[in-house]
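Work through the exercises below with the model open beside you. Try each task before reading its solution.

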Amino acid sequence: MNVVWKLLSTFLKIGLLSIGGGYAIIPLIQEQVVEKNGWISEKMFTDIITISQMTPGPLAVNTSTFVGLQVGGITGALAATIGCVLCGVMISLTLYNFFQAHQKSVYVPEILNGLKSASSGLIISAAFTIILLALYGDNTSEPNFLSLNRAALFLFLTMLFMLRKWKLNPIVVMLLSGIAGFAFYQ
């Protein structure tokens with residue numbers, strides 16, 4: 001199958017299952033593009049997630065665009081982006097009509113509470129994946145303490161402290177992290 005069509009079909013599936021937003025869908029995107037299709041490495045995926053968070057727009061859409069660009073150039077980026085967005089637009093329109101028709105129902109808020117819980121679990125899973133990749137270089141469930149990247153841990157804890165203690169602007173923290181990362185890893 002042509003790589004552009006494969007990107008489109010893969011991101012259509014991702015878009016169809018992206019309930020909960022960008023952070024909740026990161027594990028599925030990683031599974032599809034790194035593990036199943038082998039289009040990019042885990043390191044490249046982590047870099048794409050980082051860049052996607054810094055650029056304007058939804059995380060899942062930015063990630064799909066960058067993955068598509070890496071795998072299939074401009075046409076790959078278009079295919080992946082359209083695939084990621086198309087199902088979400090269709091589902092949103094359908095849900096809007098459903099909620100308008102059932103806005104007085106007692107069951108609809110309970111269904112939404114269940115979806116919120118599932119989204120929280122997916123977001124926690126994504127956070128765990130990103131932390132493992134940043135601190136250990138891979139996504140193993142049993143990290144080896146000897147392979148811990150101490151510079152990454154120091155940088156993470158320092159930036160977390162700066163965010164919590166001094167309430168710095170996240171953009172300033174990202175710039176400082178980039179400068180420190182360049183200094184540590186150069």
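This is a predicted model: local features need pLDDT of at least 70, side-chain atom pairs count only at pLDDT 80 or more; totals for chains, interfaces and linings use all residues.

**Exercise 1. Describe the fold in outline and state the predictor's confidence.**

Step 1. Count the elements: the protein has seven helices and zero strands. Their order from the N terminus is α-α-α-α-α-α-α.

Step 2. Take the extent along the principal axes. The C-alpha atoms fill a box of roughly 55 × 45 × 35 Å.

Step 3. Check burial and surface. Of the 186 residues, 27% count as buried. The accessible surface is about 11700 Å², and carbon and sulfur atoms account for 70% of that. Areas come from the Shrake-Rupley method with a 1.4 Å probe; for residues, only the protein chains shown count as cover.

Step 4. Read the confidence. Mean pLDDT is 88, and 95% of residues reach 70 or more. pLDDT is the predictor's confidence in each residue, from 0 to 100.

**Exercise 2. Which residues of α3 are buried, and how are they arranged about the axis?**

Step 1. Helix α3 spans residues 42–54, 13 residues in total. From first C-alpha to last, α3 reaches 19 Å, close to the 18 Å expected at 1.5 Å a residue. The expected span is 1.5 Å times one less than the number of residues.

Step 2. Its buried residues are Phe-45, Thr-46, Ile-48, Ile-49 and Ser-52.

Step 3. Viewed down the axis of α3, the buried residues fall within an arc of 160°, so they line one face of the helix. The arc is that of the directions from the helix axis to the C-beta atoms. An α-helix has 3.6 residues a turn, so residues three or four places apart point the same way.

Step 4. Take Ser-52 as a case. At 1% relative accessibility, Ser-52 counts as buried. Beyond four places in sequence, Ser-52 contacts Leu-59, Asn-62, Thr-63 and Phe-66.

**Exercise 3. How many residues form the largest nonpolar core, and which elements give two or more residues to this core?**

Step 1. A nonpolar core is a set of buried Ala, Val, Leu, Ile, Met, Phe, Trp, Tyr and Cys residues joined through side-chain atoms within 4.5 Å.

Step 2. The largest core has 18 residues. Those with the most contacts inside this core are Phe-11, Ile-26, Ile-29, Val-33, Ile-40, Phe-45 and Val-67.

Step 3. Two or more residues come from each of α1, α2 (22–36), α3 and α4 (59–101).

Step 4. A second, separate core has five residues, including Met-159, Met-162, Val-173 and Ala-180.

Step 5. Inspect Ile-40. Beyond four places in sequence, Ile-40 touches Val-33, Val-34, Phe-45, Ile-48, Val-67, Gln-70 and Val-71.

**Exercise 4. Follow α5, its buried residues and the residue just after its end.**

Step 1. Helix α5 has 30 residues and reaches 44 Å between its end C-alpha atoms, close to the 44 Å expected.

Step 2. Buried residues in α5 are Val-108, Ser-119, Ala-126, Thr-129, Leu-132, Leu-133 and Leu-135.

Step 3. Ala-126 is also touched by Pro-27, as are Leu-122 and Ser-125. Pro-27 lies in α2.

Step 4. Just after α5, Gly-137 takes a positive phi of about 85°.

**Exercise 5. Is Lys-167 buried or exposed, and what is its phi?**

Step 1. Lys-167 lies in the loop between α6 and α7 (170–185).

Step 2. Its relative accessible area is 63%, so Lys-167 is exposed.

Step 3. Its phi is near 50°, a positive value in a residue other than glycine. Most residues other than glycine have a negative phi.

How values were computed
Residues are numbered from 1 along each chain as its sequence is written. Side-chain values use heavy atoms; hydrogens and water are left out. Helices (H or I, at least four residues) and strands (E, at least two) are DSSP runs, numbered from the N terminus. Buried means under 20% relative accessible area, exposed over 50%, partly exposed in between (1.4 Å probe, protein chains only). Contact means heavy atoms within 4.5 Å.
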